[in-house]
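Here is a short report for a first look at this structure. The sequence and the model come first, then the details.

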Amino acid sequence: MTGQAKVVAVYDRPFWRETGLSGYELSTVGPLEEIFDASPNKGPGALFGMPAEVRKKMGQDKILKLVSNQLVKLFGSEAKNLRAIFYKDWSSDSETAVEEDYSPLRNYQSYGQPSVEGVWEKKLIFAGTETNSQSSGHLEGALQSAEQAVFEIINLNKKHL
């Protein structure tokens with residue numbers, strides 16, 4: 001989790017479901033960029049989110065106030081009635097992160113396809129986000145790499161038929 005932080009807002013019940021809301025939100029305004037419904041089927045309600053990197057400058061109290069305000073804007077006035085709110089900033093945990101983890105990665109290293117020679121040549125195909133030269137480190141890179149691997153497997157099998 002290194003540079004990430006998590007917030008879990010707990011309510012007596014998942015009230016957002018009563019108005020037809022899923023509890024899933026993506027936001028570019030406020031400290032929570034992604035919010036998920038983490039509630040059990042019965043019992044208390046919980047909204048789970050991840051604050052952005054600016055949290056280091058604000059401090060926990062200000063972040064939690066902003067989180068509460070954002071939840072009210074998204075889910076209505078009932079979101080003020082928190083049972084509890086939990087916050088964990090993994091970047092400040094010395095067992096988890098180092099100073100460099102405060103800034104999230106934007107550009108990932110592209111390693112490309114490793115060379116395969118000898119007995120494994122034409123028998124071993126690597127696939128993974130790191131092997132994609134265009135979108136390394138992202139889901140798109142993993143998908144493109146998988147498509148390329150399938151293409152290579154199909155073409156290798158055609159040659160052997």
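## Around Tyr-11

This is a predicted model. Tyr-11 touches Trp-16, Pro-44, Gly-45, Leu-47, Leu-71, Glu-78, Ala-79, Asn-81, Leu-82 and Arg-83, leaving aside residues up to four places away in sequence.

## The nonpolar core

Tyr-11 also belongs to the largest nonpolar core, which has 16 residues. Along with Leu-47, Leu-71 and Phe-75, Tyr-11 is among those with the most contacts inside this core. The largest share, five residues, comes from α3.

In soluble globular proteins, nonpolar side chains tend to be buried together.

## The helix α3

At 1.5 Å a residue, the 16 residues of α3 should span 22 Å. The end C-alpha atoms of α3 are 22 Å apart, which agrees.

Buried in α3 are Ile-63, Leu-64, Val-67, Ser-68, Gln-70, Leu-71 and Phe-75. Seen down the helix axis, the buried residues of α3 fall within an arc of 165°, so they line one face. The face turned away from that buried side carries the exposed residues Asp-61, Lys-65 and Lys-73.

## After the helix

Just after α3, Gly-76 takes a positive phi of about 95°. Glu-78 lies in the loop between α3 and β5 (84–89). Glu-78 is partly exposed, with a relative accessible area of 30%.

What does Glu-78 touch, not counting residues up to four places away in sequence? Its contacts are Tyr-11, Arg-13 and Phe-15. Glu-78 and Trp-16 are 62 residues apart along the chain, yet their C-alpha atoms are separated by 8.7 Å.

Definitions and conventions. Residues numbered from 1 in each chain as written. Predicted model: local features only at pLDDT ≥ 70, side-chain atom pairs only at ≥ 80, totals over all residues. Heavy atoms only, no water. Core = buried A, V, L, I, M, F, W, Y, C linked by side-chain atoms within 4.5 Å. Buried < 20%, exposed > 50% of the residue type's maximum accessible area, 1.4 Å probe, protein only. Helix = DSSP H or I, 4+ residues; strand = E, 2+ residues; numbered from the N terminus. Contact = heavy atoms within 4.5 Å. Expected span 1.5 Å × (residues − 1). Arc of directions from axis to C-beta.
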